[in-house]
Amino acid sequence: MKELEERIRKDGRVLGKDVLKVDSFLNHQVDPMLMEKMGEEFYNHFKDAGINKILTVESSGIAPAVMTGLKFEVPVVFARKHKSVTLTDDLYTSEVYSFTKKTSNHISIDKRYLSKDDTVLIIDDFLANGQAVNGLDTIIEDAGATLAGIGIVIEKSFQKGRQMIDKSGIPIYSLARIKAFENGQVVFQDEED
């Protein structure tokens, strides 16, 4: 998605060798017009997959997931990272390690919102090492639901997440694929391939 790539070039900040900060439009301050275009792009790619539910992890995946759900006209469910007093014990859970935050989280979804009747599209903001997707896939399997595909806003192709998903055979579509960070700049996958 060229518009997303341009926005990453303009407003993204490379930190170190493997972190891209996009908090001005994706995961702190949100650009709703860009999110709407992302939702449209995910819809166009997966519209024939029989999706009846969108699944993500709080909090940065919520904005693109909601816009995708709007295009599909289906509910969006997000896995919570922290248990609250409003969540019952009737939950699907999985453990997810965040390499960016260097912490593990137990993500959970109320069993009322995911069942064997659901055909699910995972939407997430980043794909790096694949831990969030793996955790959501575990929950989907536990619910007996069907995982139809994975939509990623920004993929860091130089990390192992994409290879893990490709081995599983699950359809994946990333709006921006980053091949490398060189001299503080983003190199997109299609620039050299």
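Q: What does contact mean here, and which residues is Ile154 in contact with, leaving aside its neighbours within four places in sequence?
A: Contact means heavy atoms within 4.5 Å. With neighbours within four places in sequence left aside, Ile154 is in contact with Leu4, Ile8, Leu20, Val22 and Leu26, and also with Asp125, Phe126, Leu127, Ala176 and Ile178. This is a predicted model, in which local features need pLDDT of at least 70 and side-chain atom pairs count only at pLDDT 80 or more, while totals for chains, interfaces and linings use all residues. Residues are numbered from 1 along each chain as its sequence is written, and side-chain values use heavy atoms, with hydrogens and water left out.

Q: Which residues touch the most other members of the largest nonpolar core?
A: A nonpolar core is a set of buried Ala, Val, Leu, Ile, Met, Phe, Trp, Tyr and Cys residues joined through side-chain atoms within 4.5 Å. Buried means under 20% relative accessible area, exposed means over 50%, and partly exposed is in between (1.4 Å probe, protein chains only). In this model the largest such core has 31 residues, and those touching the most other members are Leu4, Ile8, Leu20, Leu26, Ile54, Ile154 and Val186.

Q: Which elements give two or more residues to this core?
A: Helices (H or I, at least four residues) and strands (E, at least two) are DSSP runs, numbered from the N terminus. The helices that give two or more residues are α1, α2 and α3 (62-72). The strands that do so are β7, β8, β9 and β10 (185-188). Another core of 25 residues lies apart from this one, and Val96, Ile122, Ile150 and Ile170 are among its members.

Q: How many aromatic pairs are there?
A: Rings of Phe, Tyr and Trp (its six-membered ring) pair if their centres lie within 6.5 Å; planes under 30 degrees apart count as stacked, over 60 as edge-to-face and the rest as tilted. By this rule there are 3 aromatic pairs. One of them joins Phe42 and Tyr173: the ring centres are 6.3 Å apart and the planes stand at 85 degrees, so the pair is edge-to-face. Phe42 belongs to helix α2 (residues 32-46) and Tyr173 to strand β9 (residues 172-182), so the pair ties together parts 131 residues apart in sequence. Phe42 counts as buried because its relative accessibility is 0%. Tyr173, at 19%, also counts as buried.

Q: Where do Phe158 and Phe181 lie?
A: These two rings form an edge-to-face aromatic pair, with 5.3 Å from centre to centre and 70 degrees between the planes. Phe158 is in the loop between β8 (146-156) and α5 (161-168) and Phe181 is in strand β9, so this pair ties together parts 23 residues apart in sequence. Phe158 is partly exposed, at 32%, whereas Phe181 is buried, at 13%.

Q: How many salt bridges does the structure hold?
A: Side chains of opposite charge can pair when their charged atoms come close. A salt bridge is a side-chain nitrogen of Lys or Arg within 4 Å of a carboxyl oxygen of Asp or Glu. The structure holds 15 salt bridges. One of these joins Lys2 and Glu5, at 3.3 Å from N to O. Lys2 and Glu5 are 3 residues apart in helix α1 (residues 2-11), so about one helical turn separates them. Lys2 is exposed, at 52%, while Glu5 is buried, at 8%.

Q: What separates Asp166 and Arg162 in helix α5?
A: Asp166 and Arg162 are 4 residues apart in helix α5, so they are separated by about one helical turn. The closest N and O atoms of their salt bridge are 3.2 Å apart. Asp166 is partly exposed, at 45%, and Arg162 is buried, at 14%. Elsewhere, salt bridges that share partners join Arg7, Lys10, Asp11 and Asp31 into one network. Within it, the closest N and O atoms of Lys10 and Asp11 are 3.7 Å apart. Lys10 is exposed, at 64%, and Asp11 is partly exposed, at 22%.

Q: Where does UniProt place the feature "binding site"?
A: UniProt positions are given in the numbering used here, feature names are shortened, and annotations may be inferred rather than shown by experiment. The unreviewed UniProt entry places this feature at Ala128, Asn129, Gly130, Gln131 and Ala132. In the model, Gly130 is in the loop between β7 (119-127) and α4 (131-143). Gly130 is buried, at 3%, and touches Gly161 and Met164, not counting residues up to four places away in sequence. Ala132 lies in helix α4. Ala132 is in contact with Val57, Val96 and Asp124, leaving aside its neighbours within four places in sequence.
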